[in-house]
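Here are some exercises to work through with the structure open beside you. Try each task before reading its solution.

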Amino acid sequence: MTRRHLMTTLSGLLLTLVVTLTAVAQPHDAHWVTAWTMSPSTLLPSPDAEDAFHNQTLRQIVRVTATGESIRLRVSNAHGNKPLAIGAMTVALHAGDGALRPGTLQEVTFSGNSHFNVARGAVAISDPVGLNVSDLDELAVSIYLPQGSGNATTHRVGLQTNYLLAGDATTELQLPDGAETFEVWHFLRAIDVLADESVSTIVTVGDSITDGVGSTLDANLRWPDQFLARLRADSDMPQYAIANAGISGNRVLHERAEIFGENLQARFERDVLALSGVSHIVLLEGINDIGMSVSLATDQEVTPEQIIAGYRQIIARAKARGIIIIGATLTPFAGAGYYTEEGEAKRQQVNDWIRSSGAFDAVIDFDRAMGDPQNPGRLPASFTSDNLHPNDAGYKAMADSIDLGIFR
């Protein structure tokens with residue numbers, strides 16, 4: 001046998017082995033669903049952006065919304081200005097206060113490597129990790145960045161206490177004294193769970209109201225979280241995972257401030273369609289298009305017709321993938337910092353179209369559910385502290401108003 005024939009035969013045997021092992025690890029009655037996600041709220045940096053991290057470990061806490069025996073993790077360098085060097089990465093069940101539950105620590109590899117570079121602008125998907133996770137488990141994901149990370153791809157409203165440690169602390173079960181904390185998410189893009197084939201993912205897409213601004217830190221009381229609790233409480237509901245793709249300050253049509261991310265049409269492929277096992281989308285976005293275009297960026301002022309045209313683009317792209325897309329009406333904002341009577345007229349026109357056009361597969365009428373009975377254009381005082389963002393009680397009212405029949 002020639003060397004060439006020998007190499008061909010060995011390659012064939014290796015391929016057969018890989019396929020066999022993959023079939024064992026991923027049975028035919030299971031598939032990947034995204035059970036947690038974050039959407040980057042950064043924008044592309046200058047080429048010489050400073051390093052955000054160097055010889056440090058990020059330990060970030062996430063809550064998964066599906067059950068399975070294997071997970072995979074996504075790391076994003078979407079807004080990096082150079083390759084992101086990962087020196088080591090681990091995942092474990094979270095024991096509280098940043099500690100790891102003993103016996104659950106697992107190494108995370110990428111293409112078989114524990115050291116891995118994520119190309120500038122890219123997302124890397126890990127190899128499957130054998131870790132039993134249950135619905136609503138918290139995971140602690142530790143990423144060691146041995147050299148200058150460049151600009152960090154970040155979601156700035158995490159509402160979750162995370163930890164920054166010196167050196168490689170990816171295998172440390174307990175946090176050392178003096179560990180720094182932060183409340184955003186860096187680089188960690190999504191968690192997929194290998195779940196039963198009957199499970200699918202609902203992606204909630206929106207701005208700060210979906211992101212949960214105004215809710216309690218570490219409490220998971222955003223409206224999508226409280227909607228999930230309702231789904232779980234109804235034994236007749238199909239099993240869904242929830243992936244929250246909200247970005248505070250986000251707009252359908254424009255962007256300017258780095259902290260508010262790319263406009264929805266630009267980020268929709270990356271933040272929604274690229275996720276795993278998506279069956280439904282709930283879209284609640286547009287109030288910033290109305291308010292910010294007047295108060296912050298008059299050269300980006302928009303009409304209701306332009307916002308609606310943006311919706312139509314999102315609807316078409318979702319339906320092209322066979323995804324059910326549900327439109328949610330824009331919530332009241334009288335008394336908010338960027339409220340104007342002109343903006344209110346636009347909100348009413350957009351909401352009328354959402355309700356009556358038939359363009360969405362279904363409608364959730366948050367506007368009518370959340371308006372003060374004495375002043376429907378304003379949130380009740382008990383639901384908000386700034387007349388724009390609900391508090392925990394307000395987010396519960398949003399979740400409670402959703403007709404679960406839409407998702408049966």
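Predicted model: local features only at pLDDT ≥ 70, side-chain atom pairs only at ≥ 80, totals over all residues.

Residues are numbered from 1 along each chain as its sequence is written, and side-chain values use heavy atoms, with hydrogens and water left out.

**Exercise 1.** Find the strand that holds Ser-142, and decide whether Ser-142 is buried or exposed.

Solution. Start with the secondary structure: helices (H or I, at least four residues) and strands (E, at least two) are DSSP runs, numbered from the N terminus. Ser-142 belongs to strand β10, residues 138-145. Next, take the accessibility. Buried means under 20% relative accessible area, exposed over 50%, and partly exposed in between (1.4 Å probe, protein chains only). Ser-142 has 0% relative accessibility, so Ser-142 counts as buried.

Now look at the side chain. Ser-142 and Arg-59 are joined through their side chains by a polar contact of 2.9 Å. (A polar contact is a pair of N or O atoms within 3.5 Å; within protein, one must be able to donate a hydrogen and the other to accept it, and residues adjacent in sequence count only if both atoms are side-chain atoms.) Finally, list the contacts, meaning heavy atoms within 4.5 Å. Beyond the neighbours within four places in sequence, the partners of Ser-142 include Thr-57, Leu-58, Ala-88 and Thr-170.

**Exercise 2.** Which residues does Leu-145 contact, leaving aside its neighbours within four places in sequence?

Solution. Leu-145 also lies in strand β10, and its 0% relative accessibility is why Leu-145 counts as buried. Its contacts are Phe-53, His-54, Asn-55, Gln-56, Leu-58, Leu-84, Ala-85 and Phe-187. For a sense of distance, Gly-130 is 15 residues from Leu-145 in sequence and 23 Å away in space, C-alpha to C-alpha.

**Exercise 3.** Describe how helix α3 packs against helix α9.

Solution. Axes are lines fitted to C-alpha atoms, for helices over the stretch in contact, and angles run from 0 to 180 degrees between N-to-C directions. The axes of α3 (residues 223-233) and α9 (residues 392-401) are 8 Å apart, and the packing angle is about 50 degrees. Angles under 35 degrees count as roughly parallel, over 145 as roughly antiparallel, 65 to 115 as roughly perpendicular and the rest as oblique. The two helices, α3 and α9, are therefore oblique to each other. On the α3 side, Trp-223, Gln-226, Phe-227 and Arg-230 make the contact, meeting α9 residues that include Tyr-395 and Met-398.

**Exercise 4.** At what angle do the axes of α4 and α6 cross?

Solution. Helix α4 (residues 264-273) and helix α6 (residues 304-320) cross at roughly 25 degrees, with axes that come within 11 Å. That angle makes α4 roughly parallel to α6. Among the contacting residues are Leu-264 and Phe-268 of α4, and Ile-314 and Arg-317 of α6.

**Exercise 5.** Where are Asn-55 and Ser-111 found, and how exposed is each?

Solution. Asn-55 sits in the loop between β1 (30-37) and β2 (56-63). Its relative accessibility is 35%, so Asn-55 counts as partly exposed. Although not a glycine, Asn-55 has a positive phi of about 50 degrees. Ser-111 is in the loop between β7 (106-107) and β8 (116-118). With 58% relative accessibility, Ser-111 counts as exposed. Its phi is positive too, near 55 degrees, in a residue other than glycine.
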